[in-house]
Amino acid sequence: LATDALVVSFQEFPQLKSNCPEIYEELHAVQQALEDVSSERYEDAWLKVKKIAVHSFFSHWKLFIKGLVAFYKNEDRNKLCMRNSSEALNHAIRSWHLKNSPEAAKLAFLSHISERRFEEALTWYYHAIKNRGQST
């Protein structure tokens with residue numbers, strides 16, 4: 001959870017950079033990749049995080065960004081892919097209130113990322129990971 005807070009803060013951490021440069025580089029790569037996804041630079045996003053190792057503190061972010069890139073590059077024509085993130089968010093919130101499904105939380109997360117509302121996105125990220133495996 002500490003790494004999640006670092007990522008979504010979108011701040012510079014000079015002490016981390018000087019004391020733990022490898023961790024700083026991975027943190028910075030994840031933050032830049034999220035910015036790339038929200039700016040529709042999907043290949044750039046993936047290139048920034050693909051070097052993050054499986055044992056890294058940020059490996060779950062690497063997988064998440066990989067999923068975002070796959071999602072956005074997919075040819076599905078759902079509301080979010082059509083860039084109607086506010087409608088997708090409304091749908092996700094209604095769905096969440098009905099079923100508390102991880103899918104609804106993921107859609108809400110993606111909608112907030114798309115609108116560059118990173119703090120709200122973090123809340124939905126936690127809902128999504130908390131409810132993993134409970135999908136119906």
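1. Buried means under 20% relative accessible area, exposed means over 50%, and partly exposed covers what is in between (1.4 Å probe, protein chains only). By that rule Phe 10, at 24% relative accessibility, counts as partly exposed. The model is predicted, so local features need pLDDT of at least 70 and side-chain atom pairs count only at pLDDT 80 or more, while totals for chains, interfaces and linings use all residues. Residues are numbered from 1 along each chain as its sequence is written, and side-chain values use heavy atoms, with hydrogens and water left out.

2. Helices (H or I, at least four residues) and strands (E, at least two) are DSSP runs, numbered from the N terminus. Helix H1 spans residues 2–9, and its buried residues are Thr 3, Asp 4, Val 7 and Val 8. Seen down the axis of H1, these residues fall within an arc of 125 degrees, so they line one face of the helix. The arc is that of the directions from the helix axis to the C-beta atoms. An α-helix has 3.6 residues a turn, so residues three or four places apart point the same way. The cover over the buried residues of H1 includes helix H3 (21–38), helix H5 (59–73) and helix H8 (118–130). After H1 comes Phe 10, with a positive phi near 50 degrees.

3. Helix H4 can be read in the same manner. Its buried residues include Tyr 42, Ala 45 and Val 49. They cover an arc of only 60 degrees around the axis, which puts them on the same side of H4. H3 and H5 are among the elements that cover the buried residues of H4.

4. A nonpolar core is a set of buried Ala, Val, Leu, Ile, Met, Phe, Trp, Tyr and Cys residues joined through side-chain atoms within 4.5 Å. The largest such core has 37 residues, and Val 30, Trp 61 and Ile 65 touch the most other members. At least two residues of this core come from each of H1, H3, helix H4 (42–49), H5, helix H6 (85–99), helix H7 (102–114) and H8. H7 gives the largest share, 7 residues.

5. What does Trp 61 touch, not counting residues up to four places away in sequence? With contact meaning heavy atoms within 4.5 Å, the list is Thr 3, Asp 4, Val 7, Val 8, Val 30, Leu 34 and Tyr 125. Thr 3, Asp 4, Val 7 and Val 8 are the buried residues of H1.

6. Rings of Phe, Tyr and Trp (its six-membered ring) pair if their centres lie within 6.5 Å; planes under 30 degrees apart count as stacked, over 60 as edge-to-face and the rest as tilted. The whole structure has 7 aromatic pairs. One of them joins Phe 10 and Phe 118: it is tilted, at 4.3 Å centre to centre and 35 degrees between the planes. Phe 10 lies in the loop between H1 and helix H2 (14–19) and Phe 118 in helix H8, so the pair ties together parts that are 108 residues apart in sequence. Phe 118 is buried, with a relative accessible area of 12%.

7. The rings of Phe 109 and Tyr 125 have centres 5.8 Å apart and planes at 50 degrees, so this pair is tilted. Phe 109 is in helix H7 and Tyr 125 in helix H8, so the pair ties together parts that are 16 residues apart in sequence. Phe 109 is buried at 2% relative accessibility, and Tyr 125 is buried with a relative accessible area of 7%. Both rings belong to one aromatic cluster, formed by Trp 61, Phe 64, Phe 109, Tyr 125 and Tyr 126.

8. His 112 is in helix H7 and, at 3% relative accessibility, counts as buried. Leaving aside its neighbours within four places in sequence, His 112 is in contact with Leu 89, Arg 117, Glu 120, Ala 121 and Trp 124. His 127 lies in helix H8 and is partly exposed, with a relative accessible area of 23%. With neighbours within four places in sequence left aside, His 127 contacts Trp 96 and Ala 105. The C-alpha atoms of His 127 and Asn 100 are separated by 8.5 Å, and these residues are 27 residues apart along the chain.
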